[in-house]
Every structure is written in structure tokens, then in C-alpha cells.
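Hello,

Here is the structure we talked about handing over. My notes on it follow below.

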Amino acid sequence: MLKQALKVLHKPNDDRGFFLMVEGARIDHGHHDGWANKALLEAMELDKAVGIALAETQEKDTLVIVVSDHSFAFNLLGYPKRGLPINGVVDDPPESLDGKPYPILTYGAGPGYRGYLEGVSPYDGKRFKDGYRNGPPLTDQEASKFDFYQPSAVPTKYGQHGGEDVAIYAQGPMAHLFNG
């Protein structure tokens, strides 16, 4: 879709230029839903779109800016070994008091809270494995499912925005004016 939009907007011999905004909104949706796998796949799609924008334009006359409007309370836990899938589990957890594997990715708040809910989300009725820590150990196979709710520390209906700064990347004319 981006490639076609660039073709439509680019007019040979027209030096006025154009503005095109491409948004990866499904990244936001994935995080709000507590589905890290969905958010990560959408981030990969945004990366492809940026690659297309860079390939289909010329740096000397095209300013490309990549930025997010906010972060999420999204965490990378523990000390996963090199080579583990980012959406997998730490399966040799020396820090885990109960000795069970835990997911590499978690949220600070969201629908994946599993504390005292005995395996049922109060928001959508989805069933969990006996409250997560009380059931069988979590596996990479389960944690990598597209609709797997990443665990969260606080029970909220939707994932919450984070408070840290977000990066801004720019390439092209006047890119030096963007920093942060």
C-alpha cells in the first residue's frame, strides 16, 4: 500500500513535494490488548514500511521520520539465554522462587493479570492455565501463540501507556533538527 501511495503522490517535474504519514496503529492495539506477539509482528510490518519508504525515495529530497507517540509499560524480564525467542520463556530461571519458567515479555498492567483470578480473565472470560503459576509450567509453544496474553502485574482492562521517553529517528533534508 505504501509503494502505491508513493507512486500516486510523486509527480515527475513537480518540485512542490508532498506529505505522507504512515502509522503502525496495530502496534498500539496489540499492546493495549496485552498481546505482545501481535504488537511485535506489527512492529516488523512498520519496519518493512520504513524500508520501502527509504528504497522508493531519494535521501537528498525526502525527509523520513520514525517516531512513536508514547511507550507502553512493557518489560523484558530476567536473563534469557542468547538464542531464545523473544516471545518465549526463561526455562532455567534461577531467580524464580517457585522454579517455574516465566515469559520473557510482560506488561506492567493489562488483561494478562493472573494473580488471584484462578485462571479466568474478568474482562473477556478467557481461561488461563489454573492461574498461570499454579498450573503446569509455561512453554515456548504456549507463549508464542498469536493471542497469548502476556502476564501483567496489575489487573486492568487494557494495557497502559508507559512514561519513558521515546526515540525519534530521521533521515534526509533537515534531519539534523530532530533529536531525542
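Strands β5 and β6 run parallel and are joined by 3 bridges. This is a predicted model, and what follows should be read with that in mind. Across from Ala109 stands Val154, a residue of β6.

These two strands belong to an open sheet of 3 strands, ordered β2-β5-β6, in which the pairing is mixed. Because β2 and β6 (152–155) stand at the edges with a single partner strand each, one side of each has no neighbour in the sheet. From one strand to the next, the twist averages 20°.

Next, the core. The largest nonpolar core has 6 residues: Ala36, Val90, Tyr102, Ile104, Leu105 and Tyr107. I looked at the contacts of Ile104, leaving aside its neighbours within four places in sequence. On that basis Ile104 touches Asn75, Leu76, Leu77, Pro80, Leu84, Pro85, Ile86, Gly88, Val89 and Val90. One of these, Val90, is also a member of the core.

Then helix α2. Which residues of helix α2 (residues 25–33) are buried? They are Ile27, Gly30, His31 and His32. An α-helix has 3.6 residues a turn, so residues three or four places apart point the same way. The buried residues of α2 are covered by, among others, α3 (36–56) and the strands β2 (74–76) and β5 (105–110). After α2 comes Gly34, which has a positive phi, near 80°.

Regards

Key
Residues numbered from 1 in each chain as written. Predicted model: local features only at pLDDT ≥ 70, side-chain atom pairs only at ≥ 80, totals over all residues. Heavy atoms only, no water. Buried < 20%, exposed > 50% of the residue type's maximum accessible area, 1.4 Å probe, protein only. Helix = DSSP H or I, 4+ residues; strand = E, 2+ residues; numbered from the N terminus. Contact = heavy atoms within 4.5 Å. Core = buried A, V, L, I, M, F, W, Y, C linked by side-chain atoms within 4.5 Å. Pairing = 2+ DSSP bridges. Axes fitted to C-alpha atoms, helices over the stretch in contact; angles between N-to-C directions.
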